[in-house]
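Welcome! Have the sequence and the 3D view open, and try each exercise before reading its solution.

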Amino acid sequence: MQVRIHRGAAEVGGNCIEVAAGGMRLVLDAGWPLTAVDGEDVALPGVAGLADGHDPSLLGVVISHPHPDHYGLLPKVGAAVPVYIGESASRILSEAAFFSPLGISRQPSGYLRHRQAFDLGPFRVTPFLNDHSAFDAYSMLIEAEGRRLFYTGDIRAHGRKAGLFEELLRRPPENIDVLLMEGTHIREDSDGSERGPSERDVEDACADTCKETRGMVLAMFSPQNIDRLVTLYRACLRSGRDLVIDLYTAAITAATARDTIPGVGWDRVRVYLPRSQKARVIREQAFDRTEAVKPHRIYPEELATRRSELGMLFRASMSRELEEIGCLEEARCIWSMWPGYLREPSGERLRAWLDQLGIPMVIHHASGHAFIPDLQRLVRALAPGRVVPIHSFGGDRFEEFFPRVERRRDGEWWEI
Ligand SMILES: [Zn+2]
C-alpha cells in the first residue's frame, strides 16, 4: 500500500491523504486549509480523477468528520466521486446548508459506522467512532495488500465521549504498520505534560458563571459543537436556567437523530428566532421550520423579563436586536471557542461591543484535540511500526514524545 499526504503533513487542517493499492486509490478527507486567508480560493489537491470523477481507479473520498478542515473541498470534488461519511455528520452538513455557506448537500454513497468494516476495491475500511468536538467523528483503519494504516482523524480523550478513546486503548486494532496521528497540541512551546480543561471542567465553570450572573448568560460556540451544547444545557439545569437556542441549532440537534442530545421538545429548551433567520425562512418560504418549533418559541418580551433565568446560545449577528429588546442588563458572556478567534477583527468588534455595554466576558473552553499524554497512551496501545505526523505544526517535535517517528512531506509517495 502506498500513501501520499497531499496536505496536513506540516500544518493543522486541510487534511487530504491518498492511499493506493493494486492500481486503485482512495482519498481520506478533503479539507479546507485553515491557513487560507479570507476570500482565498484553494485548488483541489492533485489527485487524478478527484475533480471530474472520470478516473475509475479513484474509488472515493472518506470524510472523517464534519469540520471544514476535513471536508471543505468537497464542493470541488466531482459529483461522480463516491463519498463516505457518518450518517449524522452528513445530515448535520445538509441541515447547515440552509443556514450557512459552510453547509453542504451531497448524497453519500455509504455511511461510516463504529467498527463496521466495509470493502472498497482492494481496501478494507474500518471506522472507529471517536471523541472530538465535531459530532459523528471517526478514526479509521485502512487495510490493503496485507498492510495496515490507522488514521486518527481528529481525536481527543477529554470530551463527552472520552469512553470511546478508552475503548480504543482497551480494544485496539492489532498489527498497525503506520499510525497517521494528529498532533494539534504538539507545538514549538509544548512541554509534553500539559493538559487543558476537559468538557466536564467547562461544564463546572459554565455552571458557576450561570450562578454568579444576575442577568442573561450569553454563550458563544458553534452550534455544531454538540458536546458543548450538552455542556451548556447541563450548566443551565444546574443553575436553574432555560437554555435558549436558535433555529439553526434546533435543526442541527434534530439532525443528530440521537435522543440523548438536548433539543426542541426537551424540558427547559426554548427556541429564539433571530431576525436574520426569520428573514431567511420567509425568503425560502421554509415555514415548516418555524412551525416545527412553534410551541417552544421564546419571544422578545420573555427574553427581557426572564433574563436572569436564561442561558442563550449567542452569536455576534444577534447583538443589535438583543440590545434593542433590552435583555442585556447585568448579562455576562461566555466565550467557548478557541481564544485565538478573539484576536481576529470579528473578535475585536465583539469585545468592543461587550465593553460598550459593560458586559464582562469569561473564557470557558476545552480543546477538540488530544493532549500529548493521551496521544502517548494511544501510541502505547496501538504499538505501531511507525508514527507519521499529520494535522500539526510541530511534526519536527514528534520524536521527542513518541517512538519510531517517521516524518513525511506533503506530496511525496511512500510505502507501507
Ligand atoms: Zn481538523
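In sequence, the donor residues of the zinc ion follow the spacing D-H-x83-D-x236-H. This is a predicted model, in which local features need pLDDT of at least 70 and side-chain atom pairs count only at pLDDT 80 or more, while totals for chains, interfaces and linings use all residues. Residues are numbered from 1 along each chain as its sequence is written, and side-chain values use heavy atoms, with hydrogens and water left out.

**Exercise 1.** Find the protein donors of the zinc ion, then decide why their arrangement is irregular.

*Solution.* Step one: look for donors, meaning N, O and S atoms within 2.8 Å of the metal (3.2 Å for Na, K and Ca); water is not among the atoms, so sites may look incomplete. Asp69 (OD), His70 (NE2), Asp154 (OD) and His391 (NE2) qualify, at 2.0 to 2.2 Å from the zinc ion.

Step two: check the angles. Four donors count as tetrahedral if all angles lie between 85 and 135 degrees; four count as square planar and six as octahedral if opposite donors are over 155 degrees apart and all others between 65 and 115; anything else is irregular. Here the angles run from 86 to 169°, which makes the arrangement irregular.

Step three: check burial (buried is under 20% relative accessible area, exposed over 50%, partly exposed in between; 1.4 Å probe, protein chains only). Asp69 is buried at 6%, and His70 is buried at 0%.

**Exercise 2.** Locate the largest nonpolar core and the residues with the most contacts inside it.

*Solution.* Step one: recall that a nonpolar core is a set of buried Ala, Val, Leu, Ile, Met, Phe, Trp, Tyr and Cys residues joined through side-chain atoms within 4.5 Å. The largest one has 37 residues, and Leu243 and Ile245 have the most contacts inside it.

Helices (H or I, at least four residues) and strands (E, at least two) are DSSP runs, numbered from the N terminus.

Leaving aside neighbours within four places in sequence, its contacts (heavy atoms within 4.5 Å) include Leu229, Leu232, Tyr233 and Val269. A second, separate core of 31 residues includes Ile17, Leu112, Val388 and Ile416.

**Exercise 3.** In which loop is Arg115 found?

*Solution.* Arg115 is in the loop between β6 (110–112) and β7 (118–120). Its phi is positive, about 60°, although Arg115 is not a glycine. Most residues other than glycine have a negative phi. Arg115 is partly exposed, at 24% relative accessible area.
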